[in-house]
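Have a look at the structure first, then read on.

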Amino acid sequence: MTESRAAQLKKMAEEVQNLSDSPLYQYRQANNYSMVFGEGNPQAAILFIGEAPGEQEAKTGRPFVGASGRLLSELLDSIGLQREDVYITNVVKDRPPENRDPTAAEIQIYQPFLLRQIELIQPQVIVTLGRFAMEFVLKQFNLAEKGQKISRLHGKLLQAQTGYGPVAVVPLYHPAVALYTREQAETLKQDFQVLKQFVPPISLRRTDQ
Ligand code: URA
């Protein structure tokens with residue numbers, strides 16, 4: 001019998017836990033931080049990908065638990081979902097110092113793990129939060145839109161081909177940006193409604209293996 005998705009994700013998380021080659025590993029250890037692998041339903045139809053953990057996330061080992069996370073939970077609620085219904089992860093699994101942008105080397109070292117998470121969860125929709133996650137997905141799946149700006153692509157429903165079949169890709173602004181500008185918050189709220197079409201009635205939701 002093949003291992004459940006949850007068991008495979010757990011093993012993958014242990015690999016990230018021991019990833020001493022990461023440029024962020026020393027920083028994690030020195031600050032007593034946790035790596036943030038991701039959490040949620042391994043059978044989720046919708047996968048959210050953020051940028052990298054912030055301080056609250058590194059302290060708790062959970063994605064999107066700070067101010068951005070509260071906004072994300074509210075947005076999910078607006079389309080009738082809870083965090084437990086989706087899977088939430090990041091491009092980079094360790095906190096970059098002072099929340100600076102992740103470097104190319106940092107993105108690269110965690111890349112295989114994010115790709116394996118996608119292949120394992122096999123979501124119907126990948127929602128990218130912010131520029132880094134959007135660029136990662138557009139490049140990885142070689143979408144015609146790659147190279148275009150988030151200001152142009154946010155809220156659009158794009159199509160990609162993966163190893164397991166077609167997947168919809170929805171680029172959104174990062175919730176952290178929406179926390180600072182009212183206009184972006186409004187845009188994010190409206191863009192989020194694009195996801196409604198992927199929300200199955202409760203009776204049809206997939207459950208964990
Ligand atoms: N911002 C992100 O991109 N990811 C998190 O997990 C938290 C904040």
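Helices α5 and α6 sit roughly perpendicular to each other, because that label covers angles of 65 to 115 degrees. This is a predicted model, where local features need pLDDT of at least 70, side-chain atom pairs count only at pLDDT 80 or more, and totals for chains, interfaces and linings use all residues. Residues are numbered from 1 along each chain as its sequence is written, and side-chain values use heavy atoms, with hydrogens and water left out.

**α5 with α6**
- The axes of α5 and α6 (residues 131-140) come within 12 Å and cross at roughly 65°; axes are lines fitted to C-alpha atoms, for helices over the stretch in contact, and angles run from 0 to 180 degrees between N-to-C directions.
- Helices here are DSSP runs (H or I, at least four residues), as are strands (E, at least two), numbered from the N terminus.
- From α5, Ile 107, Gln 111, Leu 114 and Leu 115 meet Phe 132, Phe 136 and Gln 140 of α6, with contact meaning heavy atoms within 4.5 Å.
- That contact splits into 5 nonpolar, 2 polar and no charged residues (Ala, Val, Leu, Ile, Met, Phe, Trp, Tyr, Cys and Pro count as nonpolar, Asp, Glu, Lys and Arg as charged, and the others, Gly among them, as polar).

**α1 with α5**
- Helix α1 (residues 5-17) and helix α5 (residues 104-121) have axes that come within 11 Å and cross at roughly 175°.
- That makes α1 roughly antiparallel to α5 (the cut-off is over 145 degrees).
- Among the α1 residues meeting α5 are Leu 9, Met 12 and Val 16, and the α5 side includes Tyr 110, Phe 113 and Leu 120.
- By class, the α1 contact with α5 has 7 nonpolar, 2 polar and 3 charged residues.

**Aromatic pairs**
- There are 2 aromatic pairs, counting rings of Phe, Tyr and Trp (its six-membered ring) with centres within 6.5 Å.
- Tyr 27 and Tyr 33 have ring centres 5.7 Å apart and planes at 70°, so they're edge-to-face (over 60 degrees).
- Tyr 33 is buried, with a relative accessible area of 12%; buried means under 20% (1.4 Å probe, protein chains only).
- Phe 48 and Phe 192 have centres 5.9 Å apart and planes at 15°, so this pair is stacked (under 30 degrees).
- Phe 48 is in strand β2 (residues 46-50) and Phe 192 in helix α9 (residues 182-192), so the pair ties together parts 144 residues apart in sequence.
- Both Phe 48 and Phe 192 are buried.

How values were computed: Angles under 35 degrees count as roughly parallel, over 145 as roughly antiparallel, 65 to 115 as roughly perpendicular and the rest as oblique. Buried means under 20% relative accessible area, exposed over 50%, partly exposed in between (1.4 Å probe, protein chains only).
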